[in-house]
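Trainee: Could you take me through one part of this model closely, with the cut-offs behind each term?

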Amino acid sequence: MPARDWTDDLIDVGKSIGNGIASVVVDLGYGAERTAEGLGIRGVDRIAQIGAENEYLANHLTNLVKGVITAADNPLFRLILKILEKYYEHIPEEILNKIGRTALKGAAYMGGRMVIGKKIAELIAIEIAKRVAATEAYKQLAKKIGVSAAAGATGVGVVITLAMVQGVAQRASKASQRLRSRNPQLWVELRNQGGLDMLFFLVEGPMEKYLNAIELAMRDKALFEEEIRKEYK
């Protein structure tokens, strides 16, 4: 079997991201659920959680749809990069060097294990972020954010757009909770970076294989390294 090229790690996110943003009907249902939680149906603690989640999400969504998608201050890029950095932390050094020789050049490749892993992660994060931003689902989300903001400013359709925004927030919250259950350490790191976990719903599908690999590495390092060596032999 020929050795894998480093670009094999680039994934087709077209259909995966579609799972992160569903129909308006479902968003409205989630919006009603979140509104009820905000009124105290799940207790006072949940009200406080919703307040924090809403603040994180509002800040990130505002920055998400403006500027360059691969800029260092773009939250989508930062989220993807963080997951990839965690993944490459676990890659055996000889495999990392092999990927680095193909993907990197000159000083970047000679920078040592940590530098190599971060540089490879950055290259792949750029490509994945671009592909996510090019999907129809992402464009629909950006449009929804714009329409909701405009409606709120003019008073037109305020009730329905608030429900839709609440629906997106509830979808984000549920995905964040799933990440917290499966990888508490990664969740804490993302939460500490300004609540990046609240954008996890956008990349949950596309980044699934990386998350699975990280979890395997944390659970059984020897097995993880064995599987990686098989892939890159």
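Mentor: Lys82 counts as buried because its relative accessibility is 16%, where buried means under 20% relative accessible area, exposed over 50% and partly exposed in between, with a 1.4 Å probe and protein chains only. This is a predicted model, in which local features need pLDDT of at least 70 and side-chain atom pairs count only at pLDDT 80 or more, while totals for chains, interfaces and linings use all residues. Residues are numbered from 1 along each chain as its sequence is written, and side-chain values use heavy atoms, with hydrogens and water left out.

Lys82 lies in helix H4, helices being DSSP runs of H or I with at least four residues, numbered from the N terminus. Apart from residues up to four places away in sequence, Lys82 touches Leu186, Glu189, Leu190 and Gln193, contact meaning heavy atoms within 4.5 Å.

Helix H4 (residues 75–89) also meets helix H7 (residues 113–134), their axes coming within 8 Å and crossing at roughly 140 degrees; axes are lines fitted to C-alpha atoms over the stretch in contact, with angles from 0 to 180 degrees between N-to-C directions. H4 and H7 are therefore oblique to each other, since angles under 35 degrees count as roughly parallel, over 145 as roughly antiparallel, 65 to 115 as roughly perpendicular and the rest as oblique.

The largest nonpolar core has 55 residues, and Leu76, Ile80, Ile83 and Leu84 are among those with the most contacts inside it; such a core is a set of buried Ala, Val, Leu, Ile, Met, Phe, Trp, Tyr and Cys residues joined through side-chain atoms within 4.5 Å.

How values were computed:
Helix = DSSP H or I, 4+ residues; strand = E, 2+ residues; numbered from the N terminus.
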